[in-house]
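Subject: A structure to look through

Dear colleague,

I am handing over the structure below, and after it you will find an account of what turned up when I went through it. Please keep it open beside this message as you read.

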Amino acid sequence: MSSFLFELIINISNYFNENYLFSILLFMIFLFFYSFFSLPGLMIILAFSGYIYGFILGYFISLISITFGCSFFYLFSKNLIIRFFPKLYKKYSLNINKYIKNSSFEYLIIFRMIPGPPLAIQNLLLSILKISFVKFFFATMIGLTPIILFCNYIGFKLKDLKDFDNLSFKDILTYEFLLIIFILIIIIFIRIKLKNKKSPN
């Protein structure tokens, strides 16, 4: 089964390489709508991006597509919630923003960086926040960078394998990656604390 899957991916990769520029455009459109509708299995698609386009180019293709997809979903779902559930939006929006108003940008980055919550749940919860589209866009771009880099790295490493049967845990997962995420979160928390101290009571 793994050999068949491996051969299938190679055939798809060859087709994409033969139609390189068109495949990039097609893949970006696909990834935009995939993230807009917040479909499951995004990490597999990101790994595929790294496998086909390489670590660096795959990262930029994925980052741009997903950031735009999530951001436009934010606008769509926010307007939808305000229109059909105005009281619910006002209640939860006021309560949440009361606690994060001084560091909403940093909190949004941290929320994006934490692995676990599905993209659909993330996007719906973030639609309640009262933040600008620009702030949401860049916070999403920064916050999703570690997981996109990681998934593209996995796909990039898979290209060196001759068969999926040879795949091992140490080939794709490094503790350095988890350490980087941890350090970034700590730095952002420190920035939040400093901003809260400077803000008037």
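**What was found**

In helix H2, the buried residues are Ser23, Ile24, Phe27, Leu31, Tyr34, Ser35 and Phe36, where buried means under 20% relative accessible area, exposed means over 50%, and partly exposed lies in between (1.4 Å probe, protein chains only). An α-helix has 3.6 residues a turn, so residues three or four places apart point the same way.

Please note that this is a predicted model, in which local features need pLDDT of at least 70 and side-chain atom pairs count only at pLDDT 80 or more, while totals for chains, interfaces and linings use all residues. Residues are numbered from 1 along each chain as its sequence is written, and side-chain values use heavy atoms, with hydrogens and water left out.

Helix H2 covers residues 20–36, which makes 17 residues, and from its first C-alpha to its last it reaches 24 Å, close to the 24 Å expected at 1.5 Å a residue; that expected span is 1.5 Å times one less than the number of residues. The protein chain as a whole has 10 helices and 0 strands, both being DSSP runs numbered from the N terminus (helices H or I, at least four residues; strands E, at least two). Of its 201 residues, 42% count as buried.

Serine 38 lies in the loop between H2 and H3, and its phi is near 55°, a positive value in a residue other than glycine. Most residues other than glycine have a negative phi. Serine 38 is also buried, with a relative accessible area of 8%.

Isoleucine 110 sits in helix H6 and is buried as well, at a relative accessible area of 7%. Between isoleucine 110 and alanine 139 there are 29 residues in sequence, yet their C-alpha atoms are 8.9 Å apart in space.

Where do residues of the chain touch? Among contacts (heavy atoms within 4.5 Å) with a separation of 6 or more, 79% are between residues 24 or more positions apart. The protein chain exposes about 12,200 Å², of which carbon and sulfur atoms supply 74%; accessible areas come from the Shrake-Rupley method with a 1.4 Å probe, and for residues only the protein chains shown count as cover.
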